[in-house]
Amino acid sequence: FGCLKLIVDDFLNELPDQETTRIALLDCCASFGSSRYDVNISLTAIGMLWTIADQDSSPSSVDHVLSKLAFLASDDRVEVRNCVVNTLFSCVVGIGQKFTAVQWERVFTHTIFAVLDRVSE
(Lines give C-alpha, C1' and ligand atoms only; values in the text may rest on other atoms or scores of the structure.)
Protein backbone atom coordinates (compact mmCIF):
# COMPACT_ATOMS: atom_id res chain seq x y z
CA PHE A 1 0.00 0.00 0.00
CA GLY A 2 2.88 2.35 0.77
CA CYS A 3 4.16 2.05 -2.80
CA LEU A 4 0.71 2.85 -4.21
CA LYS A 5 0.41 5.89 -1.94
CA LEU A 6 3.85 7.09 -3.02
CA ILE A 7 2.90 6.77 -6.69
CA VAL A 8 -0.37 8.68 -6.24
CA ASP A 9 1.10 11.36 -3.97
CA ASP A 10 4.44 12.01 -5.68
CA PHE A 11 4.59 10.43 -9.13
CA LEU A 12 1.08 10.66 -10.57
CA ASN A 13 2.15 13.27 -13.12
CA GLU A 14 5.07 11.09 -14.20
CA LEU A 15 2.93 8.10 -15.18
CA PRO A 16 2.29 7.45 -18.87
CA ASP A 17 -0.86 9.18 -20.03
CA GLN A 18 -2.54 5.93 -21.01
CA GLU A 19 -6.06 4.96 -20.07
CA THR A 20 -5.03 1.41 -19.16
CA THR A 21 -2.47 2.73 -16.66
CA ARG A 22 -5.04 5.00 -14.99
CA ILE A 23 -7.66 2.28 -14.85
CA ALA A 24 -5.18 -0.16 -13.28
CA LEU A 25 -4.27 2.48 -10.70
CA LEU A 26 -7.95 3.18 -9.96
CA ASP A 27 -8.70 -0.53 -9.66
CA CYS A 28 -5.83 -0.93 -7.23
CA CYS A 29 -7.07 1.99 -5.10
CA ALA A 30 -10.58 0.53 -5.09
CA SER A 31 -9.23 -2.85 -4.02
CA PHE A 32 -7.46 -1.27 -1.08
CA GLY A 33 -10.62 0.71 -0.37
CA SER A 34 -12.56 -2.51 0.08
CA SER A 35 -9.77 -4.22 2.03
CA ARG A 36 -10.72 -5.51 5.47
CA TYR A 37 -7.12 -5.37 6.72
CA ASP A 38 -7.16 -1.85 8.15
CA VAL A 39 -9.93 0.75 7.97
CA ASN A 40 -7.37 3.56 7.75
CA ILE A 41 -5.94 2.01 4.59
CA SER A 42 -9.45 1.86 3.15
CA LEU A 43 -10.11 5.51 3.98
CA THR A 44 -6.78 6.63 2.52
CA ALA A 45 -7.36 4.60 -0.66
CA ILE A 46 -10.76 6.26 -1.11
CA GLY A 47 -9.08 9.65 -0.83
CA MET A 48 -6.57 8.58 -3.47
CA LEU A 49 -9.44 7.91 -5.88
CA TRP A 50 -10.42 11.57 -5.53
CA THR A 51 -6.78 12.65 -6.01
CA ILE A 52 -6.59 10.75 -9.28
CA ALA A 53 -9.94 12.11 -10.52
CA ASP A 54 -8.86 15.63 -9.65
CA GLN A 55 -5.59 15.25 -11.53
CA ASP A 56 -7.06 13.41 -14.53
CA SER A 57 -10.59 14.68 -15.12
CA SER A 58 -11.00 13.00 -18.50
CA PRO A 59 -14.50 11.54 -18.93
CA SER A 60 -13.34 7.91 -18.84
CA SER A 61 -11.23 8.42 -15.72
CA VAL A 62 -13.99 10.28 -13.88
CA ASP A 63 -16.58 7.68 -14.90
CA HIS A 64 -14.30 4.93 -13.58
CA VAL A 65 -13.71 6.78 -10.29
CA LEU A 66 -17.43 7.36 -9.79
CA SER A 67 -18.24 3.72 -10.50
CA LYS A 68 -15.61 2.60 -7.97
CA LEU A 69 -16.99 5.01 -5.37
CA ALA A 70 -20.53 3.79 -6.04
CA PHE A 71 -19.35 0.21 -5.51
CA LEU A 72 -17.51 1.10 -2.28
CA ALA A 73 -20.60 2.89 -0.93
CA SER A 74 -22.14 -0.48 -0.15
CA ASP A 75 -19.35 -1.40 2.28
CA ASP A 76 -20.75 -2.53 5.62
CA ARG A 77 -18.30 -0.38 7.61
CA VAL A 78 -19.90 2.93 8.55
CA GLU A 79 -16.62 4.86 8.39
CA VAL A 80 -15.95 3.65 4.87
CA ARG A 81 -19.48 4.41 3.66
CA ASN A 82 -19.35 7.92 5.11
CA CYS A 83 -15.95 8.55 3.54
CA VAL A 84 -17.17 7.27 0.17
CA VAL A 85 -20.29 9.43 0.17
CA ASN A 86 -18.30 12.53 1.18
CA THR A 87 -15.65 11.79 -1.45
CA LEU A 88 -18.29 11.15 -4.09
CA PHE A 89 -19.98 14.48 -3.53
CA SER A 90 -16.64 16.31 -3.25
CA CYS A 91 -15.67 14.82 -6.59
CA VAL A 92 -18.94 15.85 -8.23
CA VAL A 93 -18.78 19.37 -6.79
CA GLY A 94 -15.06 19.77 -7.50
CA ILE A 95 -15.03 18.74 -11.14
CA GLY A 96 -18.71 18.80 -12.06
CA GLN A 97 -18.34 21.97 -14.09
CA LYS A 98 -16.35 19.92 -16.63
CA PHE A 99 -19.09 17.29 -17.04
CA THR A 100 -21.04 17.00 -20.26
CA ALA A 101 -24.82 16.58 -20.18
CA VAL A 102 -24.36 12.85 -20.79
CA GLN A 103 -21.93 12.59 -17.86
CA TRP A 104 -24.37 14.41 -15.58
CA GLU A 105 -27.08 11.97 -16.57
CA ARG A 106 -24.78 9.03 -15.77
CA VAL A 107 -23.75 10.64 -12.46
CA PHE A 108 -27.35 10.80 -11.35
CA THR A 109 -28.67 7.53 -12.76
CA HIS A 110 -25.68 5.21 -12.32
CA THR A 111 -23.94 6.75 -9.34
CA ILE A 112 -25.98 8.93 -6.99
CA PHE A 113 -29.32 7.15 -7.35
CA ALA A 114 -27.60 3.76 -7.32
CA VAL A 115 -25.81 4.66 -4.09
CA LEU A 116 -29.07 5.87 -2.54
CA ASP A 117 -30.78 2.63 -3.53
CA ARG A 118 -28.01 0.50 -1.99
CA VAL A 119 -27.76 2.56 1.19
CA SER A 120 -31.53 2.52 1.75
CA GLU A 121 -31.71 -1.31 1.53
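**Close-up views of a predicted helical model**

**View 1. Leu6 in the helix α1.** Leu6 is found in helix α1, which covers residues 2-10. The model shown here and in the other views is predicted. Leu6 has a relative accessibility of 43% and counts as partly exposed, because buried means under 20% and exposed means over 50%. Between Leu6 and Phe89 there are 83 residues of separation in sequence, and their C-alpha atoms are 25 Å apart in space.

**View 2. Helices α2 and α3 side by side.** Two packed helices are described by the angle between their axes and the distance between the axes. For α2 and α3 the angle is about 155° and the axes are 7 Å apart. The two helices are therefore roughly antiparallel to each other, since angles over 145 degrees count as roughly antiparallel. The crossing of α2 past α3 is left-handed. On the α2 side, the contact is made by Arg22, Leu25, Leu26, Cys29, Ala30, Phe32 and Gly33. On the α3 side, the contact residues are Ile41, Ser42, Ala45, Ile46, Met48, Leu49, Ile52 and Gln55. Of the residues in this contact of α2 with α3, 11 are nonpolar, three are polar and one is charged.

View 3. Asp56 is found in the loop between α3 (39-55) and α4. Is Asp56 buried or exposed? Its relative accessible area is 13%, so Asp56 is buried. Leaving aside residues up to four places away in sequence, Asp56 touches Arg22, Ser61 and Val62.

**View 4. Helix α4 and its buried residues.** Helix α4 has 14 residues and reaches 20 Å from its first C-alpha to its last. That span is close to the 20 Å expected at 1.5 Å a residue. Which residues of α4 are buried? They are Ser61, Val62, His64, Val65, Leu66, Leu69, Ala70 and Leu72. What covers these buried residues includes α2 (19-33), α3, α5 and α6 (101-120).

**View 5. Helices α4 and α5 side by side.** Helix α4 (residues 59-72) packs with helix α5 (residues 78-95) at an angle of about 155°, and their axes are 9 Å apart. As a result, α4 and α5 are roughly antiparallel to each other. In this pair, α4 passes α5 in a left-handed crossing. From α4, the contact is made by Val62, Val65, Leu66, Leu69 and Leu72. From α5, it is made by Val80, Val84, Thr87, Leu88, Cys91, Val92 and Ile95. The contact of α4 with α5 divides into 11 nonpolar residues, one polar residue and no charged residues.

**View 6. Thr87 in helix α5.** Thr87 lies in helix α5 and is one of the residues in the contact of α4 with α5. With a relative accessible area of 9%, Thr87 is buried. Which residues does Thr87 touch, not counting residues up to four places away in sequence? They are Ile46, Trp50 and Leu69.

**View 7. Gln103 in helix α6.** Gln103 is found in helix α6. Its relative accessible area is 4%, so Gln103 is buried. Not counting residues up to four places away in sequence, Gln103 touches Pro59, Val62, Asp63 and Lys98. Gln103 and Asp76 are 27 residues apart in sequence, and the distance between their C-alpha atoms is 28 Å.

Key: Residues numbered from 1 in each chain as written. Predicted model: local features only at pLDDT ≥ 70, side-chain atom pairs only at ≥ 80, totals over all residues. Heavy atoms only, no water. Axes fitted to C-alpha atoms, helices over the stretch in contact; angles between N-to-C directions. Helix = DSSP H or I, 4+ residues; strand = E, 2+ residues; numbered from the N terminus. Parallel < 35°, antiparallel > 145°, perpendicular 65-115°, else oblique. Left-handed = near helix turned anticlockwise from the far one by under 90°. Contact = heavy atoms within 4.5 Å. Nonpolar A, V, L, I, M, F, W, Y, C, P; charged D, E, K, R; others polar. Buried < 20%, exposed > 50% of the residue type's maximum accessible area, 1.4 Å probe, protein only. Expected span 1.5 Å × (residues − 1).
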